[in-house]
Amino acid sequence: MSVVIVGSINQDVVARVDRIPAPGETVLASSLVRTGGGKGANQAVAARRAGGSVVAFVGAVGTDPDGETLRGALVADGIDVSGLSQVDGPSGMALISVDDTAENTIVVVPGANAVASALTPAQRSVVATAQVVLTQLEIPIALVREAAAVRGEHAWHLLNAAPSAPFVTAGSALLPSVDVLIVNEHEALDVAGVDDLETAVAALAPRVRALVVTLGRQGSMIVCGAERVNVPAFAADAVDTTGAGDTFCGMFAATLAASGRAPESVDAALLADAARAGAAAAAIAVTRTGAQDAVPFAAEVAALIERTHA
Ligand code: ATP
């Protein structure tokens, strides 16, 4: 497999609202959509639609009907699900509200994503075949650690430390197993335990081979050893930013896999190429509603890059 995503898979239930309710307030939604989501599954779809990569998803669904629907959606996208296990109980679910300004609030009910405390033998074998292993923090941390440990000698480990969790800090033993740490600004501050970005970068960058901080419409910042590069975002009329970060990460991972490079040879130019592709895919995703539904295909991303540089 060229890209293996170890992560969460959720049934997203998305309500469109005029404005996000304040605590204690009730608002009426104008529409409700059920769709595939979960950071891991979204990133798998983004990596797969990037084209060129064989993509596998390692995770768990429940024994409820949502589990079969979610598995079927990954298969329909051409994603290998030999590492998708089924555990007793409900699948993960995310309750999402999106308002007219494309702002969102999300409540995740982990369900099947939180059950396992170790990878199954089948899941370990899938991870061992990866060129790039991409993890996030919507699953038990033991699974992230194990995925990092069983990957091949020259395989990349990309950790998208989202949502930020108290057990992943700048001093965490997990970080030296990470080749590229990808965080948004809020997560960078949380993981570093500080309140300004420069201090966070100074604390995190030395702990990993490379650090990528995504900055929404401001693009992203790459720190790789002594090199630092800012990669601008592509202009977009955003209607729903849900999944922008996941689309970025999936495309980023697929671009690294396609490069054929090993983590030992990483440099800022390679990461900037991957971040540019991620930014283009994310810029298209934010113009559409939903998470997986919004993820663009390779041809659309190539067309945006060509239009922008024309
Ligand atoms: P989310 O949690 O909403 O999925 P995130 O907070 O993890 O996203 P962001 O930094 O918001 O991640 O976005 C990731 C990347 O997506 C950015 O680096 C940028 O390239 C692109 N992006 C995000 N929002 C926009 C936007 N409004 N217009 C254009 N590009 C965007």
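Reply: The model is a predicted one, and it contains nine helices and 13 strands. Its radius of gyration is 18 Å, close to the 19 Å that the globule rule gives for 310 residues, so the protein is as compact as a globular protein of that length. The C-alpha trace spans about 50 × 45 × 40 Å along the principal axes. Of the 310 residues, 55% are buried. Among contacts with a separation of 6 or more, 68% are between residues 24 or more positions apart. The accessible surface amounts to about 12,700 Å², and carbon and sulfur atoms account for 56% of it. As for charge, there are 18 positive and 32 negative side chains, with the centres of the two sets 4 Å apart.

Strand β1 comes next. β1 covers residues 3–6 and includes Val 3 as well as Val 4. Val 3 has a relative accessibility of 0% and therefore counts as buried, the cut-off being under 20%. Val 4 is likewise at 0% relative accessibility and counts as buried. Beyond four places in sequence, Val 3 touches Ala 47, Ser 53, Val 54, Val 55, Ala 56, Val 132, Ala 253, Ala 254 and Ala 257. With neighbours up to four places away again left out, Val 4 touches Ala 56, Val 58, Val 126, Val 127, Ala 130, Val 132, Val 133 and Leu 134. Separation along the chain and distance in space can be set side by side here. Val 3 and Val 13 are 10 residues apart in sequence, with their C-alpha atoms 27 Å apart. Val 4 and Pro 296 are 292 residues apart in sequence, and their C-alpha atoms are 19 Å apart.

After α1 comes Gly 51, with a positive phi near 80 degrees. Most residues other than glycine have a negative phi.

Strand β2, residues 10–17, has eight of its eight residues buried. Asn 10, Asp 12, Val 14 and Arg 16 point one way, while Gln 11, Val 13, Ala 15 and Val 17 point the other way. β2 pairs with β3 (residues 29–37) in the antiparallel sense through eight bridges, and Val 14 stands opposite Val 33 of that strand. With β6 (residues 92–98), β2 pairs in the parallel sense over seven bridges; there Val 13 is opposite Leu 95.

In strand β4 (residues 55–61), the residue to look at is Ala 60. Its relative accessibility is 9%, so Ala 60 counts as buried. Outside four places in sequence, Ala 60 is in contact with Ile 9, Leu 84, Ser 85, Val 87, Ala 112 and Asn 113. Ala 60 and Gly 290 are 230 residues apart in sequence, and 21 Å separates their C-alpha atoms.

The loop between β9 (156–160) and β10 (180–184) holds Pro 163. The peptide bond between Ala 162 and Pro 163 is cis, with omega about -10 degrees. Most peptide bonds are trans.

Further along is strand β12, residues 220–224. Five of its five residues are buried, so β12 is largely enclosed by the rest of the structure. Ser 220, Ile 222 and Cys 224 lie on one side and Met 221 and Val 223 on the other, and both faces are covered. β12 has antiparallel pairings with β11 (residues 210–214), over five bridges, and with β13 (residues 227–231), also over five bridges. On the β13 side, Ser 220 has Val 231 as its bridge partner. The hairpin of β11 and β12 has five residues between the strands, among them Gly 216 with a positive phi near 55 degrees. The hairpin of β12 and β13 has two residues between the strands, and Gly 225 in the turn has a positive phi of about 60 degrees.

Key:
Residues numbered from 1 in each chain as written. Predicted model: local features only at pLDDT ≥ 70, side-chain atom pairs only at ≥ 80, totals over all residues. Heavy atoms only, no water. Helix = DSSP H or I, 4+ residues; strand = E, 2+ residues; numbered from the N terminus. Rg over C-alpha atoms; globule rule 2.2 N^0.38 Å. Buried < 20%, exposed > 50% of the residue type's maximum accessible area, 1.4 Å probe, protein only. Contact = heavy atoms within 4.5 Å. Areas by Shrake-Rupley, 256 points an atom, 1.4 Å probe, with all protein chains shown as cover. Lys, Arg positive; Asp, Glu negative; His and termini not counted. Charge placed at Lys NZ, Arg CZ, Asp CG, Glu CD. Pairing = 2+ DSSP bridges.
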